[in-house]
Amino acid sequence: MVRFFSRERFGRPQVLAACLLFVFLVQCLWLVGKGSRPGTVDLAEIYRLERGTTLWNSRGSEPNLDARGMPSKPDKGDFADAYPRPVLEDSGYDAYHSPLWYLIAAAPLWLRPVSLQPEHIQAMHWSAALPYLILGLLLGASLWYVARRLFGNAGGYVALALYCFSPGIVRSCALWSAEPEVGAAWGAFGAIFTAIAVAHTLYAPREVVLWNWRRIVLLGLSLALAVGSQFSLIAVVPVALAFMLYLAPTRRLAALVIWGVACGIALLLGYASYFFHARAFWQGIRHASFLGISWKAYAMPQAYHQVLAQLGQSSPALVLALPVALITYFSWCRARYFGNTAPLLVAVLFLVLGLGMPHYPGFGFQFMAVPFLFVFVAGIAADLVETRRREIALAAIWGLLVANAGWNLWELIRIG
């Protein structure tokens with residue numbers, strides 16, 4: 001226990017990171033409070049909670065399906081008249097999400113039931129936001145950990161500061177007129193960087209499976225959370241394998257075995273989200289939309305404008321910092337190394353997939369590219385800090401981060 005709470009694990013960098021995450025949590029709680037006022041009803045949120053609680057209570061058998069296989073409306077209450085079914089096909093199966101997405105959303109209501117009625121809107125909204133507040137904190141902590149391991153303290157602070165004052169991240173965690181994508185984002189982020197970490201440990205002198213079993217389980221959990229939250233994130237599975245094979249060229253068989261075991265764990269967890277109902281699992285997979293790309297979208301200028309607008313809404317600081325980071329990356333050979341290249345490649349892949357899906361789940365891909373862009377920008381910033389123009393770089397970075405934080409806090413005050 002003393003070894004676990006050592007200065008290396010809990011020193012000044014960890015304390016500062018925890019303070020930033022605390023400020024992030026306060027922002028999210030502020031938005032949750034403003035979004036839970038009486039008279040404000042998010043029908044999509046009601047839908048997620050009702051379907052999720054049905055799955056929890058019936059252990060996946062969904063006894064309240066109507067004759068077409070669709071979830072039946074609530075028996076009473078003001079929500080019944082406008083009950084939404086935004087993502088279900090005529091078959092009754094969600095083409096974009098597994099039951100895991102609904103189970104996470106409704107987990108607090110299953111543990112502490114609240115009736116889905118207008119008079120309980122405040123308690124219901126706080127319960128609905130709780131899982132995503134936790135996932136948002138976990139994603140922020142993971143982002144800081146990865147950026148710090150790759151680029152040192154400077155990179156970790158830059159990445160976490162961009163994350164903690166990102167309007168898009170805060171809105172998603174607080175469910176403020178935003179889809180709850182943070183779970184899928186954490187799963188995708190964890191899958192990519194856990195795969196990279198596993199590949200780096202393949203040269204350890206110990207037995208591969210015994211040495212890596214924790215990371216293998218974590219990789220399986222990340223894949224399950226990513227694909228279970230959004231079927232189209234199946235794209236991260238081959239990307240994770242590609243990174244593992246690239247980083248361990250002389251241990252590719254071991255990398256392939258570990259990747260296969262992690263995929264098996266993810267598949268088992270996905271099956272568990274259907275409560276081990278084989279027929280429901282098969283039908284859910286059969287009706288899933290894993291890669292609904294519209295090739296015509298790549299010729300539409302509106303799709304590119306939409307991506308830029310989405311990035312601007314997610315993080316105004318990113319829109320300013322990203323062009324500088326890209327120019328630095330392509331013009332300075334020192335910045336073109338794996339730590340910077342990997343997050344950039346994944347972000348570009350997600351943005352390209354988002355372009356091919358102008359609507360849902362394209363918005364989700366654009367959101368999930370943001371944490372990887374934060375890591376990329378943090379890496380370039382850390383490289384610039386180590387040059388002879390350190391003072392100029394620090395002044396520019398501090399100015400950007402402080403201005404971004406001030407602007408975000410001011411917008412939150414205006415909402416109040």
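N408 is buried, with a relative accessible area of 4% (buried means under 20%, exposed over 50% and partly exposed in between, using a 1.4 Å probe and protein chains only). Keep in mind that this is a predicted model, where local features need pLDDT of at least 70, side-chain atom pairs count only at pLDDT 80 or more, and totals for chains, interfaces and linings use all residues. Residues are numbered from 1 along each chain as its sequence is written, and side-chain values use heavy atoms, with hydrogens and water left out.

**Around N408**
- N408 belongs to helix α15, which covers residues 390–415 (helices are DSSP runs of H or I with at least four residues, strands are E runs of at least two, and both are numbered from the N terminus).
- Setting aside neighbours within four places in sequence, N408 touches Q27, F165, S166 and P167 (contact means heavy atoms within 4.5 Å).

**Helix α5**
- P167 turns up again here, as one of the buried residues of α5, along with G168, I169, V170, S172, C173 and A174.
- That leaves α5 (residues 167–174) mostly covered, with 7 of its 8 residues buried.

**How α4 meets α6**
- Helix α4 (residues 121–164) packs against helix α6 (residues 182–200) at about 40 degrees, and their axes are 8 Å apart (axes are lines fitted to C-alpha atoms, for helices over the stretch in contact, and angles run from 0 to 180 degrees between N-to-C directions).
- That angle makes α4 oblique to α6, because under 35 degrees counts as roughly parallel, over 145 as roughly antiparallel, 65 to 115 as roughly perpendicular, and the rest as oblique.
- On the α4 side, the contact is made by Y132, L135, G136, L138, L139, S142, L143, V146, L150 and Y163, while α6 brings V182, G183, A185, W186, F189 and F193.
- Those contact residues split into 13 nonpolar, 3 polar and no charged (Ala, Val, Leu, Ile, Met, Phe, Trp, Tyr, Cys and Pro count as nonpolar, Asp, Glu, Lys and Arg as charged, and the others, Gly among them, as polar).

**Cysteines**
- The disulfide count is 0, where a disulfide is a pair of cysteine sulfur atoms within 2.5 Å.
- For C28, the closest cysteine sulfur is in C173, 4.7 Å away and too far for a bond.
- C164 is in no disulfide either, since the nearest cysteine sulfur, that of C28, is 8.8 Å away.
- C28 is buried at a relative accessible area of 1%, and C164 is buried at 0%.
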